[in-house]
Amino acid sequence: MRRKIVAGNWKMHGSRAANTPLIEAIVATVTSERVGCVICPPHVYLHDAARALHGGAVALGAQDLCAEAVGAFTGEVSGAMLKDVGCSYTLVGHSERRSLFGESSALVARKFAAALGAGLIPILCVGEQLSEREAGRTEGIVAAQLEAVTQLSGVQALAGALIAYEPVWAIGTGRTATPEQAQEVHAFIRQRIAVEDAKIAAGLRILYGGSVKAGNAQDIFAMPDVDGGLIGGASLKADEFLAIVAAA
Ligand code: PGA
């Protein structure tokens, strides 16, 4: 049985005033690690968040990191720095990074390696655009995004990682993939990895992301290859997020 994980991606939302009650509510409710719970606030709030989580059952993640370990990279934040302020996870290759900030799969693969190198658990985001789905290219797109990582780091690197399947057309749109659509791609991802290493594939946690809400989480999480969720908008409201954690 794979332990389910629910991760909240706050994106560029929040303030010190708003984060405090949100984190307090999550910490007060999530006291067991039966379901993994991770929050990913913006970089500048990570240190505060780490203190508020005080090493309890809720883990801390970043939304992105630099592919380089140290040096003259103005504006960037390294994996070691994220680890230093208390992160144990980081998202890598979120579709907004890929589409709005031009991150190629090759760069995402380097970031994935950098995260592992810093001792962070990478949550590798993959997923197709609507036009790609309509053209029947979903599997090819997802396979290529995975392959960039396995070619650079080897399939073994996935043993300590999470994958988040996020169809781009479902992110922030209110248009969720059906549980069956999610299951289909999750099963594809697992099979694809199983070709290289069956044991790693069997243990791999694959999260679904894209308009997950309290009202649809249970049906999606009930699918055999869905091991939890990556939650955007709904992670900003304590009640909604906690209901999703409860559904897992
Ligand atoms: P959403 O975002 O839940 O608001 O659709 C998911 C994500 O981008 O990780």
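Student: Which residues lie nearest the centre of the second largest pocket?
Tutor: This is a predicted model, with local features needing pLDDT of at least 70 and side-chain atom pairs 80 or more, while totals for chains, interfaces and linings use all residues. Numbering runs from 1 along each chain as its sequence is written, and side-chain values use heavy atoms, without hydrogens and water. A pocket is an open set of points on a 1 Å grid over the protein atoms alone, where a 1.4 Å probe fits, with protein on both sides within 12 Å along at least five of seven lines; lining residues have an atom within 4 Å of a point. Here 20 residues form the lining, and those nearest the centre are Lys11, Gly172, Ser211, Gly232 and Gly233.

Student: What is the volume of the second largest pocket?
Tutor: This pocket is the space taken by the ligand (more than half of the molecule's atoms lie within 2 Å of the grid points). Its lining has seven nonpolar, nine polar and four charged residues. The volume, filled by probe spheres set on the points, is about 200 Å³.

Student: How far is the Glu166 side chain from an oxygen atom of the ligand?
Tutor: Start with the polar contacts (N or O pairs within 3.5 Å). Lys11 puts a polar side-chain atom 2.7 Å from a ligand oxygen, and a backbone N or O atom of Gly233 is 2.8 Å from one. For an N or O atom in the Glu166 side chain, the distance is 2.7 Å.

Student: How much of the ligand's accessible area does the protein cover?
Tutor: Of the 13 residues around the ligand, Lys11, His94, Glu166, Gly172 and Ser211 come nearest. On its own the ligand has 280 Å² of accessible area (Shrake-Rupley, 1.4 Å probe). The protein's share of cover is 96%.

Student: Which helix gives the most to the lining of the largest pocket?
Tutor: That pocket holds about 490 Å³ of space. Of its 19 lining residues, Lys11, Met12, Gln63, Asp64 and Arg97 are closest to the centre. With three residues in the lining, the top contributor is helix α4 (a DSSP run, H or I, of at least four residues).

Terms used:
A residue is near a molecule or strand if one of its heavy atoms lies within 4 Å of it. A polar contact is a pair of N or O atoms within 3.5 Å; within protein, one must be able to donate a hydrogen and the other to accept it, and residues adjacent in sequence count only if both atoms are side-chain atoms. Helices (H or I, at least four residues) and strands (E, at least two) are DSSP runs, numbered from the N terminus. Ala, Val, Leu, Ile, Met, Phe, Trp, Tyr, Cys and Pro count as nonpolar, Asp, Glu, Lys and Arg as charged, and the others, Gly among them, as polar.
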